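Have the sequence and the structure open as you read.

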Amino acid sequence: MTNTGSNTTVSPGGLPSRRNTELAMLIFAVLIPVFAYANVGLAKDGALPAGMLGYGAGLCLLAGVAHLVVRRWAPYADPLMLPIATLLNGMGLVLIYRLDLEPLPGGAAAPTQLMWSTLGVGLFVGVLVFLKDHRVLQRYTYISMVAALILLILPVFFPARFGARIWITIPGVGSLQPGEFAKIIIAVFFAGYLMVKRDALALASRRFMGLYLPRGRDLGPILVIWALSVLILVFETDLGTSMLFFGLFVVMLYVATERTSWIVFGLGLTVVGAVAVASFEPHVQSRVDDWLDPMQAFQNGSEQPAQALWAFGSGGVLGSGLGQGFSRLIGFAAKSDYIFATVGEELGLTGVMALLLLYGLLVERGIRTSLAARDPFGKLLAVGLSAAFGIQVFVVAGGVMGLIPLTGMTMPFLAQGGSSVIANWALVAILLKISDTARRPAPAPAPSPDAEMTQVVRP
Amino acid sequence: MSELTLTVMRLGFLAVLWLFVIVAVQVIRSDLFGTRVTQRAARRAEGQRPQQRQSPPRQQGGRRGGGRNAPSKLVVTEGSLTGTTVALQGQTITLGRAHDSTIVLDDDYASSRHARIYPDRDGQWIVEDLGSTNGTYLDRTRLTTPTPIQPGAPIRIGKTVIELRK
């Protein structure tokens, strides 16, 4: 508090754009993964890895392009989001590269991931350039709803992979997880819908036992969303996406209406839905059993939950060092769902905390953006997008650490997976755009009449 | 590669990672620690007194420090715009219902050009009533002449209260 002279800049109003701060942080954010590459190479082969320059240059190029685009098209945007996203993406590339060196099924994934990251930054640039104003999205409220529903339902028509129907396969291109994109689109729908309906939801209610009970017709939408997320759970056996959707809706309802009762309802409905589905759906049931007793599951052939816990345990406080752990023991999905276990083993509790803090900071910037935003739609959208991001981190990290049953979601930016990287870059781009609008100085009164007035009236 | 080098790299990497986190927090420090919502709520509950009690020592310290602690932002503490801040960068801030005001007051008791706040030659911030119908109040007194503003002193216009903060 004593020396805030240089730091009084993050509040709406006539502010410096802070693009240079962003550039400095960005350089830092590129150097850390390069350091990590060197560390992996030295630990595995005793020499600097051959791909280090390539990956370093690639990451540097992506970050540079993203920065220049932000400088040109969103000059007042938040200075921290892009560096954090770059660092997380870079760390993800390093960790995948590091796991490529192990005899794991699936072959080398780091080059593909770099390609997906490039596409992600491409979409990031596209959103910043072509989305002139985030309020345009408000026009597409109901179209977004339909689009999100279609994206969610599509995977049902494709064969299940690894026990969950969350992929659509496009022949010749590869497979996509539409749920990742649906999360952004549904946030647009919720923001647009709640902006219109929030007064009805907040004010028309009866007080009962200290809670505001909403009217039946206002309860309708939340029940529909709840039914929808349970249906996703049943037909796609995807616990993660349904948790994400429902959590997102509850958070946005709470923010829009300021009514605690929605949270109580939401949590109650989540528990009811999850317990009900877990009791009859075998795939979900087995996940819950694995979670309740990982050691028993280990003996029954489902080794990953126990291996992940052992990875965290053997990492200890400071970790074994990059390239010196035994993450290959996790086997299948080590690069995607379980990549956080590798972080836990090789960087230890210290590294895990640092990465979780980075995720936390990104979410904090999003919420801060929503506080600063001037229009209700932007506020709700920023809260929704950051909540979706935060819930996803919670669901994956909690699942890998054994706090909640594991679900097939990817750690944003960190894990292998094209859809996830691309969708999260787009998410960050929309947040940056809202933040740019929020922090942009209000259209100032014409300076010259003001100056004149000052001179005339001054005593 | 020797064990020692690897240990140094391992710890060094963790240190660098944390350094990034710490620098990132420094960048947004004023966001994390700058606004004190609880204090403001407490102030409002207890009336204006605690705030006046708190601010004088800081102000005097600042004055002797040669303007280092000059107010840096204008904060709306009551009224429909509560929470709005405007950075003070030597520009004149106009208040009123007119659309070209810096702070557009949506308030039946405000005039279209109600008041303005500007720095004089010494950098002291001055508030001046622009002939409004209902008047501008600094603390409890109605302004008749341009008056210097002490940081933390409430300026009332209709239902809106603003103050300058460091």
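## Ground rules

Buried means under 20% relative accessible area, exposed means over 50%, and partly exposed is in between (1.4 Å probe, protein chains only). This is a predicted model, where local features need pLDDT of at least 70, side-chain atom pairs count only at pLDDT 80 or more, and totals for chains, interfaces and linings use all residues. Residues are numbered from 1 along each chain as its sequence is written, chains are lettered from A in the order in which they are written, and side-chain values use heavy atoms, with hydrogens and water left out.

Leu318(A) is partly exposed, with a relative accessible area of 37%. Look for Leu318(A) in the loop between helix H12 (304-315) and helix H13 (339-346) of chain A; helices here are DSSP runs (H or I, at least four residues), numbered from the N terminus.

## On the inside

Now for the cores. A nonpolar core is a set of buried Ala, Val, Leu, Ile, Met, Phe, Trp, Tyr and Cys residues joined through side-chain atoms within 4.5 Å. The largest one has 137 residues, and Phe124(A) and Phe20(B) are among those touching the most other members. Helix H15 (residues 376-401) of chain A gives the most to this core, 14 residues. A second, separate core has 21 residues, including Val76(B) and Ile155(B).

## A buried glutamine

Gln113(A) sits in helix H4 (residues 110-130) of chain A. Gln113(A) counts as buried because its relative accessibility is 1%. Leaving aside residues up to four places away in sequence, Gln113(A) touches Phe413(A) and Val421(A), among others; contact means heavy atoms within 4.5 Å.

Note on methods
Helices (H or I, at least four residues) and strands (E, at least two) are DSSP runs, numbered from the N terminus.
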